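Q: I would like to learn how to read a few local features in a protein model. Could you take them one at a time, with the general idea before the case?

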Number of protein chains: 2
Amino acid sequence: MKKAFDTEILSVGTELLLGRVTNTDARDISEMLSKIGINVKYHTVVGDNPERLRACVEIAKQRADIIVTTGGLGPTCDDLTKQVLAESFGLRLVKNEDEDRGLFEYIRTGRGLTPNVHQQALLPEGCTVFHNLWGTAPGCAFEAEGKFVVMLPGPPKECVPMFAACAVPWLKKLSDEVIVSHSVCVFGIGESAVDDLFADEMNRMTNPTMAPYAKECDCLLQITAKAESEEKAEAMIAPVMAHVKERLGDYVYGTDLSCVEEAVMALLKEKNLSFAAAESCTGGDIARRFTELPGASAFFKGGVVSYVNEVKESMLGVDAAVLAEKTAVSREVAAAMAEGVRARLKTDMAVSVTGLAGPDGDGVHEVGTVFIGLAVEGQTFVRETHMGRNRTRSFIRRMAGNHAFDMMRRWMSGLPVEDR
Amino acid sequence: MKKAFDTEILSVGTELLLGRVTNTDARDISEMLSKIGINVKYHTVVGDNPERLRACVEIAKQRADIIVTTGGLGPTCDDLTKQVLAESFGLRLVKNEDEDRGLFEYIRTGRGLTPNVHQQALLPEGCTVFHNLWGTAPGCAFEAEGKFVVMLPGPPKECVPMFAACAVPWLKKLSDEVIVSHSVCVFGIGESAVDDLFADEMNRMTNPTMAPYAKECDCLLQITAKAESEEKAEAMIAPVMAHVKERLGDYVYGTDLSCVEEAVMALLKEKNLSFAAAESCTGGDIARRFTELPGASAFFKGGVVSYVNEVKESMLGVDAAVLAEKTAVSREVAAAMAEGVRARLKTDMAVSVTGLAGPDGDGVHEVGTVFIGLAVEGQTFVRETHMGRNRTRSFIRRMAGNHAFDMMRRWMSGLPVEDR
């Protein structure tokens, strides 16, 4: 078996160090690399400074086999990364005629006169050129001094599709060890509790391994195996996966999903059901999250964001007397919102959320008090949650959405809906 | 003047290297540090592995004055980070009685039986303890070997508030150089074009400095000055800022804003106006984005997510004949949606979005074709955009939202609305 290829992702950009931008490139590249059996061992971020970048490249050469750089290739950075990397590996930069013509064309067709764009066509001699379909600066890859180097532009909308389309095929040829990783996705029980359930087993395991990961409002248990083939790795994972699912029971909403709404989408498809949402404190986040999923329109008809009381009355038919007596943050209003949007949009199911996401309270309820409703034919459920005053606005909104999706999932799966 | 404190943020967690989690902690900490005049020079991510972490700590000790660690303190990681850092600086771990009692209390009050939680009360001797109000694992800070070390738990909901409440005051005492940074926020003109406008000046400037940063769907020009006091730094920035704003004209939507909706909120407040949103392809994202801002309910009454045509008719009053003749992706439907939601929710203004966010098309329009409407008393505007088929669904949705907010900003500022 060939050795495993340890990888370092080296991101170049002062904007990252100033906290203006989040390093999502490193995350996305790491995810893609782990799927093709390449271990990422380090992420490093350094500013637009040749000396410090050079020093980081030297460190990376000592501890990694593959170096992936992001950033420092654009028209505003004097192609810092290319120059430093080429120099470090003793390569000249030579003009790539195809890229040069392409850049000329790009400018000519009206994206504005950007003369400094031409230096982007200078690339390390002998490299594989990654043409940039998503922007201007080309990326590239080369092998030198026994190391494999991939260079990509920094903007995520260029970096990520280019890595998938160009770098992954180039890197896949290097490895013959496969890592397979599956995650068991859990909502309604915390990471600590999951850890306690499996602590002894996890400590004993070496291959496959198992580890719990906390996400913002749910968590997952990751099971990872290394083997010489995908089939063998899968066979190692299968019994562990079955055991974990059995112990966690109906807290498990799926495997290898990135969010609970994906599980909901699959169930809606299976049962051929539609839904709508009436949102107060989540302000459209449930609709937004579900419609991030391509194909959402087959199941989600729409929703009402009833951010103020008069809209709860006019657009959802919530009774003004109930609003006055019970206040907007109540079990009764949550139920009426779900029923109202379901009737008006003529869907099979409807969810609703009303509560206090903070930071300001209403003088009656504690911040973090949220009621989540689910209306189906002939029945309405309401869940009452108290997330605690120390939670952020965005946490409360996201968690409320998770509850709404969880209630839909449970109802469609024939599980109890109100308690969790 | 004391020396500048170079900082390295060292994040510990295999989940970051697997791409399961984005390193938002490093971004948030960097932003807070830059505001108090502390330079972040490196971010490093390493897995839950003592040898590799130890090597990273040695590198950080050589190139940084301040080391901020995140992660590896929780009940599931055997307190890896604390042990390695304490060892590296020759410090013992001793039990902190207050924290130990607090952890016992936390468990007793029903968060579940988590016996491994107690080792979290072991902390480096002589450290300043940062009590964790947002979770269980305490953080801490100490000075040793002329370096300053801050250790924080990894989950962002604990790390970020704890850094702000505990680490910032501790670190502020170290520095007497102040960095002040302001950003000029721009929508409607690209980073390259901004760069071209100011390239010569930027190359000549040393203090203050100026740099353009591309964000997902807009960009900003960052002006940064270092001085011995905030007042002096501000005075250095002011004339540069004025010059930049004059050259960029009405592409500038504000300074030091994180998004165009913040500019819209300020204008709505100034003019005492309300608005509503009718969303098709953005699926609630405009409502969600605006209601992320605390206090949104004073200006945003609500909205309709009309994801399918029948909801455009039933909830917004869009004429079925217009939908049939022009299709949902049209200037006419965008206008009718904005007018419909404005009439029904009785607001001063209303925006609408209808278009194709992809990946699937409708057989008529290219993906990325989006119409954005703005209805005000007696007048309706529509902007037609073609973002290109290579754009991602999330880019198209976000950009469409930016256009809607930009149209509101322009109308409230007395600027032309439809062209940009």
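Predicted model: local features only at pLDDT ≥ 70, side-chain atom pairs only at ≥ 80, totals over all residues.

Q: Which residues does a cis peptide bond join in chain A, and which in chain B?

A: As a rule, most peptide bonds are trans. In chain A, the bond between A:Gly358 and A:Pro359 is cis, with omega about 0 degrees. A:Pro359 sits in the loop between strand S15 (349–355) and strand S16 (369–376) of chain A. In chain B, a cis bond joins B:Gly358 to B:Pro359, again with omega about 0 degrees. B:Pro359 is in the loop between strand S15 (349–355) and S16 of chain B.

Q: Now the charges. How many salt bridges are there over all chains?

A: Side chains of opposite charge can pair when their charged atoms come close. Over all chains, the structure has 45 salt bridges. One of them is between A:Glu125 and A:Arg92, at 3.7 Å from N to O. The two residues are 33 apart in the chain: A:Glu125 is in the loop between strand S5 (122–124) and strand S6 (128–130), and A:Arg92 is in the loop between helix H4 (80–88) and strand S4 (93–95), both in chain A. A:Glu125 is partly exposed at 29% relative accessible area, while A:Arg92 is exposed at 53%.

Q: Where do A:Glu384 and A:Arg331 lie?

A: A:Glu384 and A:Arg331 form a salt bridge of 3.4 Å, N to O. A:Glu384 is part of strand S17 (residues 379–386) and A:Arg331 part of helix H13 (residues 331–345) of chain A, so the pair links parts of the chain 53 residues apart. A:Glu384 is partly exposed, with 40% relative accessible area, and A:Arg331 is also partly exposed, with 35%.

Q: Is B:Arg342 buried or exposed?

A: B:Arg342 pairs with B:Glu377 in a salt bridge of 3.1 Å, N to O. B:Glu377 is in the loop between strand S16 (369–376) and strand S17 (379–386) of chain B, and B:Arg342 is in helix H13 (residues 331–345) of chain B, 35 residues apart. B:Glu377 is exposed, at 67% relative accessible area. B:Arg342 has 18% and counts as buried, because the limit for buried is under 20%. Salt bridges can also share partners: A:Asp250, A:Arg383, A:Asp406, A:Arg409 and A:Arg410 are joined into one network in this way.

Q: How many aromatic pairs does the structure hold?

A: A pair of aromatic rings is described by the distance of the centres and the angle of the planes. There are 16 aromatic pairs over all chains. One cluster built from ring pairs takes in A:Phe275, A:Phe290, A:Phe300, A:Phe405 and B:Tyr307. A:Arg391 lies over the face of A:Phe395, 4.2 Å from the ring centre. In chain B, the charged end of B:Arg247 is over the ring of B:Phe198, at 5.5 Å from its centre.

Q: Last, what volume does the largest cavity have?

A: A cavity is a space where a 1.4 Å probe fits but cannot get out. The count is one cavity of 30 Å³ or more, and the volume of the largest cavity is about 130 Å³. It is lined by 16 residues, and those closest to its centre are A:Asn23, A:Val45, B:Asn23, B:Ala26 and B:His43. Helix H2 (24–35) and strand S2 (39–46) of chain A, and helix H2 (24–35) and strand S2 (39–46) of chain B, each give at least two residues to the lining. By class, the lining has eight nonpolar, six polar and two charged residues.

Methods. Residues numbered from 1 in each chain as written. Chains lettered and ligands numbered in written order. Heavy atoms only, no water. Phe/Tyr/Trp six-rings, centres within 6.5 Å; stacked < 30°, edge-to-face > 60°. Lys NZ or Arg CZ within 6 Å of the ring centre and 35° of its normal. 1 Å grid on protein atoms, 1.4 Å probe; cavity = no way out; pocket = protein on both sides within 12 Å on 5 of 7 lines; lining within 4 Å. Points joined across faces, edges and corners; volume = space filled by probe spheres on them. Helix = DSSP H or I, 4+ residues; strand = E, 2+ residues; numbered from the N terminus. Nonpolar A, V, L, I, M, F, W, Y, C, P; charged D, E, K, R; others polar. Salt bridge = Lys/Arg side-chain N within 4 Å of Asp/Glu carboxyl O. Buried < 20%, exposed > 50% of the residue type's maximum accessible area, 1.4 Å probe, protein only.
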